[in-house]
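Dear colleague,

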Amino acid sequence: MFTTSPARIMVLTCSTRPGSLGPAIADWFTVTVSPLAARLGVELRSLSLAELALPFLDEEEHPSSGIYRRPHTKRWSELVDAVDGFIVVTPEYNYGMPAPLKNALDYLGREWAWKPMGFISYGNTSAGTRSVQHTKEVATTLRLVPLGATVALRLQDAIVGGRVRRSPRHDAAAEGVLREAVRVSRALRPLREALREGSVEGPVPGSHTRVMTPDDAGEVTVLQRCCWVDEAVDNDSLALAPLRESVDEVACWLDRWTTTGLWRGGRLIAMVRVRREGRIGRIGRLAVVPDMRGAGIGRWLLRRAEGDLGAGCDRIELSTGAGSARNIGLYRSEGFVIDAEEDEVVHLGKALPGDLPTTPALGVG
Ligand SMILES: Cc1cc2nc3c(=O)[nH]c(=O)nc-3n(C[C@H](O)[C@H](O)[C@H](O)COP(=O)(O)O)c2cc1C
């Protein structure tokens, strides 16, 4: 339904015992919520700890270090890192969570942080709820956010012939868990973004930057349509690519350019893209949302773009509309000179004789 950034939710089957009821219960959950998942734009990723087959934690370093030496840890880290939340299908063993779940949680650190964790529990009289309470205590230490919505199956009522008995009440509860997981996952996204690998502090308080991927195309499309309205007015033209590009077209160029995004409070507030063509570096799509202009963000991103182009670049080139006086003023103040003007577009360039600048503190220069 949605073209970009689906919420990715892992459905994790936690018991590893041969003949376990876990796979049948996880199947029931996935089948039940799949239509809703499609409507919500959610990708469900099923994984079983039995198949993952993690040994007991065997890394030397503390997980908070992020230093992983074993291939199974690296794989588990990638799988957890790649999702936005979890729905754990867990039995109760001796009033607690099964050991493989505790072991799997202990393996990692940052990868769990600020992601929702919902529970489908099962057991005898307690319907696995003591296992859930136990898991919640551990999960919060890892900055996982446990959900209130839950499915708790009493085996004697809910399981017939090794399968979950269809029940409108349980189906509705399963959908409730998924809905809450998606809502909480979206709400926590700003916190996750700041922890994402490659994310670094930005130039304004509470902001961070990272290199964008095609998954960011939705937000980039909104940002450029917003920012290029001023360009359209200044240049008396609607024939500007950033105003007209579809989400798919944006995803396509995000794949070919190195684009830096700047977020604050979960909102994409600025961006710039760069590309090397031989010894020429091209900079483009420098944009800052209207309410954050005048704070030096554009200048900071422009200098960062020059730095990103790296050594071995003789010259940097960029273009803007002939009527975009503010842009031209910024570029000239950063040493660019006008090379040519054609069809209402100004082409500017800057020779780079020596070292490239490093990213400055905000407001410098
Ligand atoms: C080692 C073990 C401990 C158990 N402890 C509990 C328990 O504390 N509370 C409970 O309700 N059921 C308990 N049971 C029963 C399980 O809920 C039931 O066997 C369930 O099917 C186990 O999940 P599994 O089939 O995925 O292994 C226990 C079962 C096992 C194998």
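Helix H7 contributes 6 residues to the lining of the second largest pocket, the most of any element. Please bear in mind throughout that the model is predicted. Besides helix H7 (168-195), strand E1 (7-13) and strand E9 (207-211) each provide at least two residues of that lining. In total, 26 residues line the second largest pocket, and those nearest its centre are Arg 8, Asp 81, Asp 84, Glu 193 and Arg 196. Sorted by class, the lining comprises 15 charged, 7 nonpolar and 4 polar residues. The space in this pocket comes to about 590 Å³.

The domain assignment divides the chain into domain 1 (7-195) and domain 2 (200-351). Their centres, taken over C-alpha atoms, are 41 Å apart. In the contact, 5 residues come from domain 1 and 7 residues from domain 2. The size of an interface is often expressed as the accessible area that is lost when the parts come together. Here, domain 1 and domain 2 bury about 440 Å² between them, and 39% of this is on carbon and sulfur atoms. On the side of domain 1, Arg 189, Pro 190 and Glu 193 account for 74% of the area buried against domain 2, more than any other three residues. Glu 193 also belongs to the residues nearest the centre of the second largest pocket.

The largest pocket has a volume of about 1,100 Å³. Its lining is made up of 42 residues, with Trp 228, Leu 286, Thr 320, Asn 327 and Tyr 331 nearest the centre. Which element gives the most to this lining? It is strand E12, with 7 residues. The elements that each supply at least two lining residues are helix H8 (217-235), helix H9 (241-244), strand E12 (280-288), helix H11 (297-309), strand E13 (315-321) and helix H12 (325-333). By class, 19 of the lining residues are nonpolar, 12 are charged and 11 are polar.

Two further helices deserve a word. In helix H4 (residues 99-106), the buried residues are Leu 101, Asn 103, Ala 104 and Leu 105. An α-helix has 3.6 residues a turn, so residues three or four places apart point the same way. The cover over the buried residues of H4 includes helix H2 (49-52), helix H3 (71-81), strand E3 (85-91), strand E4 (116-123) and helix H5 (129-141).

Helix H5 also contains Gln 133. Is Gln 133 buried or partly exposed? Its relative accessibility is 48%, so Gln 133 counts as partly exposed. Gln 133 and Ser 65 are 68 residues apart along the chain, and 28 Å separate their C-alpha atoms.

Finally, some values for the whole chain. The chain contains 12 helices and 15 strands. Its C-alpha atoms fill a box of roughly 80 × 45 × 35 Å, taken along the principal axes. Of its 365 residues, 48% count as buried. Among contacts between residues at least 6 apart in sequence, 72% join residues at least 24 apart.

With kind regards

Technical notes:
Residues numbered from 1 in each chain as written. Predicted model: local features only at pLDDT ≥ 70, side-chain atom pairs only at ≥ 80, totals over all residues. Heavy atoms only, no water. 1 Å grid on protein atoms, 1.4 Å probe; cavity = no way out; pocket = protein on both sides within 12 Å on 5 of 7 lines; lining within 4 Å. Points joined across faces, edges and corners; volume = space filled by probe spheres on them. Helix = DSSP H or I, 4+ residues; strand = E, 2+ residues; numbered from the N terminus. Nonpolar A, V, L, I, M, F, W, Y, C, P; charged D, E, K, R; others polar. Buried < 20%, exposed > 50% of the residue type's maximum accessible area, 1.4 Å probe, protein only. Contact = heavy atoms within 4.5 Å. Domains from an automatic or database assignment. Buried area = accessible area lost by both parts, 1.4 Å probe.
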